[in-house]
Amino acid sequence: MSANNTVLVPRIEGRIQVIRGLRVMIDVDLAALYGVPTKRLNEQVKRNRERFPSDFLFQLTAAEKAEVVANCDHLQKLKFSKVLPYAFTEHGAIQAANVLASAQAVEMGIYVVRAFVHLREALSTNADVAKRLAELEMKTERLELSHDTFSRNTRLQLRQLLDAVRELMTPPDPPSRPIGFVTHEDKKDTPKGATAGRGKNSSMV
């Protein structure tokens, strides 16, 4: 893996989101990677609309846009736009690079594809690990039933191991922070350790 690939692919993965059960990139993020204004990207898409079927591209609803803005700090500016953004699937991102036909779009399109593929492989790996853990847990339970001498400590250790592996596979919860403005007096009145509001995170795969 090249140095550029090592740096760019994780960065692009952070811009991939899951919307309607699909891993997609929002037009503003894709345009930034391809080195063009978002307006320019969407103009080219409209001029070549027949090359972007619904499984390549779809426009977000107002509710989806609000959720994206709430969950992604770097997309806060979309809150003030009256235009509903477009979401590009993996194939749509490739097609967008083709219709733009610039050197940067073509080069970055390769990294975008690699990011989508890497997320897909990671998801497949996690699913396989989860399946193997479930099989191991079933075997352990059968062993407990068939061997009265199977020590309680051994059972506990195996259970802790399974739980630990599952915890490693689960992404951490985003840090919580208050919604709205917090005054200096509010901070002093808030009990130590208390949290407020909903968390925000950074995609998709």
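**Entry 1: helix H2**

I began with the buried residues of H2, which are Asp 27, Asp 29, Leu 30, Ala 31, Leu 33 and Tyr 34. Buried here means under 20% relative accessible area, exposed means over 50%, and partly exposed is in between (1.4 Å probe, protein chains only). Helix H2 covers residues 27–34 and is mostly covered, with six of its eight residues buried. Helices (H or I, at least four residues) and strands (E, at least two) are DSSP runs, numbered from the N terminus. Just after H2, I found Gly 35 with a positive phi of about 75°.

**Entry 2: what kind of model this is**

I noted that this is a predicted model, in which local features need pLDDT of at least 70, side-chain atom pairs count only at pLDDT 80 or more, and totals for chains, interfaces and linings use all residues. Residues are numbered from 1 along each chain as its sequence is written, and side-chain values use heavy atoms, with hydrogens and water left out.

I then looked up the confidence. pLDDT is the predictor's confidence in each residue, from 0 to 100. The protein chain averages a pLDDT of 75, and 56% of the residues score at least 70. Over residues 174–184 the pLDDT stays under 50, and the model has 19 contacts for them beyond four places in sequence. Residues 193–205 are also below 50 in pLDDT, and this stretch has 50 contacts in the model beyond near neighbours in sequence. A contact means heavy atoms within 4.5 Å. Where pLDDT is low, the predicted coordinates should not be read in detail.

**Entry 3: the sheet**

In what order do the four strands of the open sheet run? I read the order as E1-E2-E4-E3, with antiparallel pairing. Two strands pair if DSSP finds at least two bridges between them. The edge strands are E1 (16–19) and E3 (57–59), each pairing on one side only. From one strand to the next, the twist averages 45°.

I went through the pairs next. E1 and E2 pair in the antiparallel sense over four bridges. In this pair, Ile 19 stands opposite Leu 22 in E2. Strand E2 (residues 22–26) is joined to strand E4 (residues 86–88) by two bridges, and these strands run antiparallel. Met 25 stands opposite Phe 88 in E4.

E1 and E2 also form a hairpin, with two residues between them. I checked Arg 20, which lies in the loop between E1 and E2. Its phi is near 55°, a positive value in a residue other than glycine. Most residues other than glycine have a negative phi. Arg 20 is partly exposed, with a relative accessible area of 48%.

**Entry 4: Thr 89**

I moved on to Thr 89, found in the loop between E4 and H5. Is Thr 89 buried or exposed? Thr 89 has 7% relative accessibility, so I count this residue as buried. Leaving aside neighbours within four places in sequence, Thr 89 is in contact with Leu 22, Arg 23, Val 24, Asp 55, Phe 56 and Phe 116.

I listed the buried ones: Glu 90, Gly 92, Ala 93, Gln 95, Ala 96, Ala 97, Val 99 and Leu 100.

How do H3 and H5 pack? Helix H3 (residues 38–47) and helix H5 (residues 90–100) meet at an angle of about 90°, with their axes 10 Å apart. Therefore H3 is roughly perpendicular to H5, a label for angles of 65 to 115 degrees (under 35 is roughly parallel, over 145 roughly antiparallel, the rest oblique). Axes are lines fitted to C-alpha atoms, for helices over the stretch in contact, and angles run from 0 to 180 degrees between N-to-C directions. H3 gives Arg 40, Leu 41 and Gln 44 to the contact, and H5 gives Ala 96, Val 99 and Leu 100.

Just after H5, Ala 101 takes a positive phi of about 60°. I placed Ala 101 in the loop between H5 and helix H6 (103–146). Ala 101 is exposed, with a relative accessible area of 57%.

**Entry 5: Ala 63**

Last, I looked up Ala 63, in helix H4 (residues 62–71). Ala 63 is exposed, with a relative accessible area of 57%. The C-alpha atoms of Ala 63 and Leu 84 are 9.9 Å apart, and these residues are 21 residues apart along the chain.
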